[in-house]
Amino acid sequence: MIINPIYINGIGSISIQKPLSEDGIFNPVSYDTPRVSCIEPNYRDFFTPAVSRRISKIIKRSIITAKHAISESGIEMPDAIITGTGLGCIEDTEKFLDSMIRNEEKFLKPSFFIQSTHNSISSQIAINLDCKSYNNTYIHRGVSFENALVDAALLFKQKKIDSALVTGSDQMTPNYFTLLKRIGYWADTVNDTLQFVRNTKTKGSFSGEGSISFMLSSQQNKNSYALIKAMDLFYKPTVPIEQKIEQFIQAQGLNIEDIDIYLTGMSGDAQNDKVYTDIGKNLFLSEKTAFYKNICGEFYTSAAYGLNVAASSLKKGIFPAHCLQDGKERKNTTHILFHNHFKNKDHSLILLNKCSN
Amino acid sequence: MSEQSESVFITGMGIISAIGIGVDETLISLRESKSGIGKINHIDTIHDLPSAEVSLTDNQMMEILNIEAGQIVTRTSLMAKIAVKEAITQAKLTLDGKFRVALINGTTVGGMEKSELYYFDFLENDKYNEYIEAHDCGSCTESIADYFGGISYVSTPSTACSSAANAFILGQNLINEGVVDIAIVGGSECLTKFHLNGFKTLMILDDKVCRPFDETRAGINLGEAAAFCVLEAKKTIDKRAVKPLAKLSGYGNACDAYHQTASSPEGNGAFIAMDMALKTSNLQPTDIDYINAHGTGTPNNDESEGRAVVRVFGDNPPHISSTKPLTGHTTSAAGCVEAVISILSLNNNFIPGNLNFSQQIKTLPFKPTEINIETEVNHVLSNSFGFGGNNTSLVFSKIESAT
Amino acid sequence: MEKLIIELKTEIIKVLNLEDITIEDIGNDDPLFGDGLGLDSIDALELIVLMEKDYGIKLKDANQGRDIFKSILTMAEYISKNRTI
């Protein structure tokens, strides 16, 4: 799809790494378990008890990352608030569902229901900012975040907005972890999450969670992280994905050789990762293959963390060694091709450029 | 946010709700003011609340769709497939890859009707594992896409009761930016115990028939439905030599940013959404012949929406009615159910009346259009408002006046 | 009555997640909504559930809560008169 240049001018991230910091990208912590939860900020620093008591964790995280991204960008109020989330407010959904079944539809707490709808993340951010502009939510499995990003890109292209707050947010509860484990999402044992993706070709990955917000703008500023040059999203492509990637790159006046990093959604799951390794071989991108899920874990909107890694590394001028297949740090990267797929059915491509300042 | 964009057209519609299977039955019910609200049959609940269910069972729908017994299906996806099938048939659309086609399905409950039956099994054993992934809403959308094939873009917007209306916005933008040629947009939601109980805890379900815009209104009757429209630009319509049914003239999307469930007393979000929809349509308030209101029948919504209507249209607004006393409140699907009703109003030149009305709301200067009225209809504004203040307004226009 | 009042205060703090409030902070006559404890319409719904669950009192209309939930004292008085469990 043809888009106008979009600048990433602010990022806020809460994940299984240090909150609201780039430390997680350049000096990440490793874990030895297949279910890793977020490192939480001190919520009392951000919310009064009166406000705090009725917003669930995923919403708190998203409000904090949204505000962080906005303040980094220097923009006061976004022209659009768009969120992607695979499972939405699953914690409250489960609480309501559990007590509905257990108590046979009696004595149910309204607060759990109110917070169970997926759109309560975007709308709570809006309420918190008192932002009455365009507001939307996308809930499409492993490409929920990219769906939100496309929505923003279309509005930018039509000049309907000059800025957008786009967030990817998912939470993993113990129960949902159990459910997804039954259908093969998670590896049985994980010894070193940081090395998991590079070394493991097993069934399943390790589970993470996170809320990552981006303040996007049509204008570059001195804090800009990177530039989103192009993006595409497609379902069950009828031509080989390699061909789609070549067309995507060429449409930007570039060749495959110009790509410095092929950032992938590799997760350590053999079936998932084979899609990327095949492309790496066929398009001569193997040496440039990189990943990020070793830092953030697998969750439906982990692509938001991938975008964070790409943008932050372009700003810093260093792509960290622990995210590269060959384990060698790269400097002076200009073009990152970010490719994510979900079950080899949904594919997203994002081309990021270093900003020219 | 009020920049105008190139218009897209509706070339096919499909609907399944308590007032009919298909557009023809729906039109008859509208003409005869035949409500679909009755007793709950398809879900096992302790609550005896008037609701508007689709008459068909899952098995009957599977038969209609030639889906073999034993396949993994959810009621939400079955209803959606029936509505999409009708919409693409009317649009003479064969999904053979000649055109790039998107499917945009607004939903919120997804596969919840199965999750609420099997949740403890999910946690304790492997008996219903195949339904675990059917829980998430994206899988519902993909199951619809896979049933038909030939879909190159899928998306699942979810803004509670305005989800399907927002599907139109994404569809128009994807077409205008050349990402796809055609977009099948709408939404589907079956009645679940989960949201029935959820609305019940908020004490906004009426145990009698709902009475939108009435002084005595006391809440919602829930309904279930799926509705989809085929959207395309003029050049695709010419290429395919099909006939447009109506034009999507414009849209507005705004957030009330007031409360998790309640609307602001002045209807701020609703006002901005309607105002923007008119501006993007390049229309004046006086151009609108009919407002298909969100009109849920809760004390809060109808007063707030009413005030916003007055702010946009003045004390004597055009014909306005809520069609929820007919269809029930079909939550995520409502935006497209009411789009179909709006287009039927345009093409048949009639205003569907607001059933169950007797007393004007004391704090509002207008009353809704009570009974069906035959009159020329050229432009209809349709409102869909969701929890959290996700407010969307769409304007549909008749083809003669549109071109 | 005093026992019921303490029981109510404890339960309200728990059900409404009033982390920073203790039973000593809630005066028997303090308004629960608005300027007092600062509760809102969703809290009222939660209190309605509490009355049904713990005392077997069913309210049909959320507006009825307005008078009952004026203060802990009015709530306790209503409960002691109408409780079924």
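Across the interface of domain 1 of chain A and domain 2 of chain A, two salt bridges are found. The structure is a predicted model, and the values below are computed from it. One salt bridge in the model pairs the side chains of A:Lys316 and A:Glu22, with 3.0 Å from N to O.

The size of an interface is often given as the accessible area lost when the parts come together. Between domain 1 and domain 2 of chain A, the buried area comes to about 4100 Å², with carbon and sulfur atoms giving 65% of it. On the domain 1 side, A:Ile25, A:Phe26 and A:Arg198 lose the most area to domain 2 of chain A, and together they make up 18% of what that side buries.

Attention can now turn to the meeting of the two chains. Here 65 residues of chain A are in contact with 73 residues of chain B. About 6000 Å² is buried between chain A and chain B, and carbon and sulfur atoms account for 59% of that area. Side chains of opposite charge can pair when their charged atoms come close. Between chain A and chain B, nine salt bridges are counted. B:Asp126 and A:Arg182 meet through their side chains in a salt bridge, at 2.9 Å from N to O.

Over all chains, the count reaches 46 salt bridges. A further pair is A:Lys343 with B:Glu133, whose closest N and O atoms are 3.2 Å apart.

A search of the whole structure gives five cavities of 30 Å³ or more. The largest cavity contains about 290 Å³ of space. Its lining is made of 23 residues, and those nearest the centre of this cavity are A:Thr117, A:His118, B:Thr108, B:Val109 and B:Phe194. Helix H4 (90-102) of chain A and helix H7 (193-201) of chain B are the elements that give two or more residues to this lining. Of these, H7(B) provides the largest share, three residues. Sorted by class, the lining of the largest cavity has 11 nonpolar, 10 polar and two charged residues.

The second largest cavity has a volume of about 60 Å³. From chain A, its lining includes A:Ile90, A:Thr93, A:Glu94, A:Leu97, A:Tyr176 and A:Leu179; from chain B, the lining includes B:Ser115, B:Tyr119, B:Phe122 and B:His135. At least two lining residues each come from H4 and helix H8 (174-182) of chain A and from helix H4 (112-124) of chain B. The largest share of this second lining, four residues, is supplied by H4(A). By class, the lining of the second largest cavity divides into six nonpolar residues, three polar and one charged.

Methods: Residues are numbered from 1 along each chain as its sequence is written. Chains are lettered from A and ligands numbered from 1 in the order in which they are written. This is a predicted model: local features need pLDDT of at least 70, side-chain atom pairs count only at pLDDT 80 or more; totals for chains, interfaces and linings use all residues. Side-chain values use heavy atoms; hydrogens and water are left out. On a 1 Å grid over the protein atoms alone, a cavity is a set of points where a 1.4 Å probe fits but cannot get out, and a pocket is an open set with protein on both sides within 12 Å along at least five of seven lines; lining residues have an atom within 4 Å of a point. Grid points are joined across faces, edges and corners, and a volume is the space filled by probe spheres set on the points. Ala, Val, Leu, Ile, Met, Phe, Trp, Tyr, Cys and Pro count as nonpolar, Asp, Glu, Lys and Arg as charged, and the others, Gly among them, as polar. Buried area is the accessible area (1.4 Å probe) that two parts lose on being put together, summed over both. A salt bridge is a side-chain nitrogen of Lys or Arg within 4 Å of a carboxyl oxygen of Asp or Glu. Contact means heavy atoms within 4.5 Å.
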